[in-house]
Every structure is written in structure tokens, then in C-alpha cells.
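Colleague: I've just opened this one and I'm new to it. Can you walk me through it?

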Amino acid sequence: MLVFAASDKGGTGRSVTSANLAYQRALAGDDVCYVDFDFGSPTAAAVFDVPGELGIDQGGLHTYLEAGTVEPARVDIWAHTLHPVLRNRPNGSGRLVLLPGDASGGEFATDQDTLRRCVDLLLRLNSEFDVIIVDLSAGRSYAMDMVLEATAQPELRGVQARWLVFHRWTRQHVLAASGLVFGEHGILNGAAAGLHDREALRRSIRFVRAAVPDPESALWSQVSPAQSVWMQRCDDYLRHLASDRKIGDSVVLGTIPLEPVLQWREQLITEEDVLSTQIANKETLEALEQLARKLTDDTHWEVS
């Protein structure tokens, strides 16, 4: 299964949440590949604590797509991570592999040769891995246009593909996420020059709300009564706005609570972070585990 992670704005938690989903699926026994198509900022390696925090020096996805190498570099995360927990690969876990970008890369226009190499890569990965998470650059980027056109090609039409659109729980982010999908130049209206079936594509899209504060949680227990009332009003307003913009609860696959650890450091949230060191909140880990399960649960992808 191909899972494309998209967002209209930066800072949505797209990459760190997607990396955590890859980690959770691997823990569950799936063979998982994380493809860093965030060409402007290929920093996924930093979340997994593997070499190449800003992309690798040569042989990454930029080089591959621009015909500079036959195969893009691969990083076995279990084998190369510096993370003290991940170094001890759990029994029963599946493979966890990163395809990094190039440190000197950036956004680039694509041509038919680039498109063909993208299609070939996705086909090969789909035959090798259970779940492939493709982290895209923010906005209607070249990366997004490329994978929209790639998944419309005959070879990939039979491959199951799902889209996660990430946004924070603010007015700007709700509007941006809705525009990315439903706007005049959004995914649905501009999908690969009409090569996609609009309704089928719409059914494959779900939204993820990240860094969502809970006004009733212990984290906000010390705010003043006036602040508490204001926060609740904001939450109510955002729920109405999201519904009006067609990204209400019925199309939300998961909500990740505001997590102090992730505000300071983009990292994987492990059981040790919750149970041993107690630096992360149990609710955050549970939300990530639940979202990871829903990725492949068809009941959560039915049109309401």
C-alpha cells in the first residue's frame, strides 16, 4: 500500500507523525519503507536518528529521479539508528527502511523520464514492502504533481494508494488544508490533468489533525477561567469551520494531541518515553498507535 503524506503549510507535524506511523507499522510486523520526497527539506533521517539528518551527500532520491544513479540509496533504520531504543530491534518487527533525499537537492520540475523513474520506483517498493509512506513537500509542490501523475499511470492504477493531509488545529491551517484538497488548484481539481477519477481520489483522502490542544487536559489546568472559556470557544469555532470546509470529523482519520516532547524535538515516541522516562504523554502514543492501525482498516475509508 502507498500512503502519501501531504500538507499545504510547513510545521503541520506531517513528517514527524508520518515517521511515527512508519515505526508503529514496523513494530506491528509490517515491512515498511519511508520515502523522503520532501525535496526542499529532506530531513526525515533526523526523526529516525540515522546519518544524513539534512539528506545524504550522494545517491539519494534527487540523484535517482534525475537519472544520476540506477537505484536510490537505502538506510536500514534498525541497523543504523543512534536511537537507544530502536537499536534493539523488537522481536517480530518488520523491516524499517528509509530512502533519503540528497543534501544538495531541492524542488525540481519533472519530465517524462522523471515520471517513469518515479513509477518504476513505486512499483518496485510496492512489491517489496507492505506499507510505503511517501512524505511530500508542503503545498502543491513538484513532488505532489509528480506522484499524482505517477499514480494515474496504468501500471499503478491497481496499486492501493491513500492520502493523509495534515494540518494543525488553527484557523489558518484548517483553511489551508481544505484549499489543498478542494480549492481551485487543489488536489481534486488539478489531479494529474484529469487522469484520476475525482470521486475515487476523494475517497482515498483523509485528514490528520496534529498538535491539537485539549482544553480539558491537565496541561491547561492552570490557565485562568477567562482563558479556559476562550480556548473552548476557539475549539468550537474550529469544529464548525472544519465542517463547513468539508474536513470535519467524518473525514478525519486521526487526531494527535499537543505533545510537549514534539514541540522541543521531532522524534519517535516510544513506550519507553511514556513508561520509563515518562517524558511523553500516554495519550500521544495511543493516538499514534490508533492512527497506524487505521491506515489499512478499510472501515475507516468508507465514504460517509
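Modeller: Helices (H or I, at least four residues) and strands (E, at least two) are DSSP runs, numbered from the N terminus. This is a predicted model, where local features need pLDDT of at least 70, side-chain atom pairs count only at pLDDT 80 or more, and totals for chains, interfaces and linings use all residues. Residues are numbered from 1 along each chain as its sequence is written, and side-chain values use heavy atoms, with hydrogens and water left out.

Colleague: OK, how many residues of strand β7 are buried?

Modeller: 8 of the 8 residues in β7 (205–212) are buried.

Colleague: And where does β7 sit in the sheet order?

Modeller: The order is β3-β4-β2-β5-β1-β6-β7-β8, an open sheet of 8 strands with mixed pairing. Two strands pair if DSSP finds at least two bridges between them. β3 (75–76) and β8 are at the edges with a single partner strand each, so one side of each has no neighbour in the sheet.

Colleague: How many bridges join β6 to β7?

Modeller: There are 6, and β6 (residues 161–168) runs parallel to β7. Arg168, for example, has Ala210 of β7 as its bridge partner. On to β8 (residues 252–257): β7 pairs with β8 over 4 bridges, also in the parallel sense. There, Arg209 has Thr255 in β8 as its bridge partner.

Colleague: How does the chain get from β7 to β8?

Modeller: Through helix α10 (residues 225–244), in a right-handed β-α-β crossover. Right-handed here means that, with the strands pointing away from the viewer, the path from the first strand over the helix to the second runs clockwise.

Colleague: Switching topic: where is Ser204?

Modeller: Ser204 is in the loop between α9 (198–203) and β7.

Colleague: Is Ser204 buried or exposed?

Modeller: Buried, because its relative accessible area is 10%.

Colleague: What does its side chain reach?

Modeller: The Ser204 side chain reaches the backbone oxygen of Leu201 at 2.7 Å. Contact means heavy atoms within 4.5 Å, and leaving aside neighbours within four places in sequence, Ser204 is in contact with Ala161, Arg162, Trp163 and Trp301.

Colleague: Last one: which residues of helix α6 are buried?

Modeller: In α6 (residues 142–151), 7 of the 10 residues are buried, including Met144, Val147 and Leu148.

Note on methods. Buried < 20%, exposed > 50% of the residue type's maximum accessible area, 1.4 Å probe, protein only. Polar contact = N/O pair within 3.5 Å; in protein donor to acceptor, adjacent residues only side chain to side chain.
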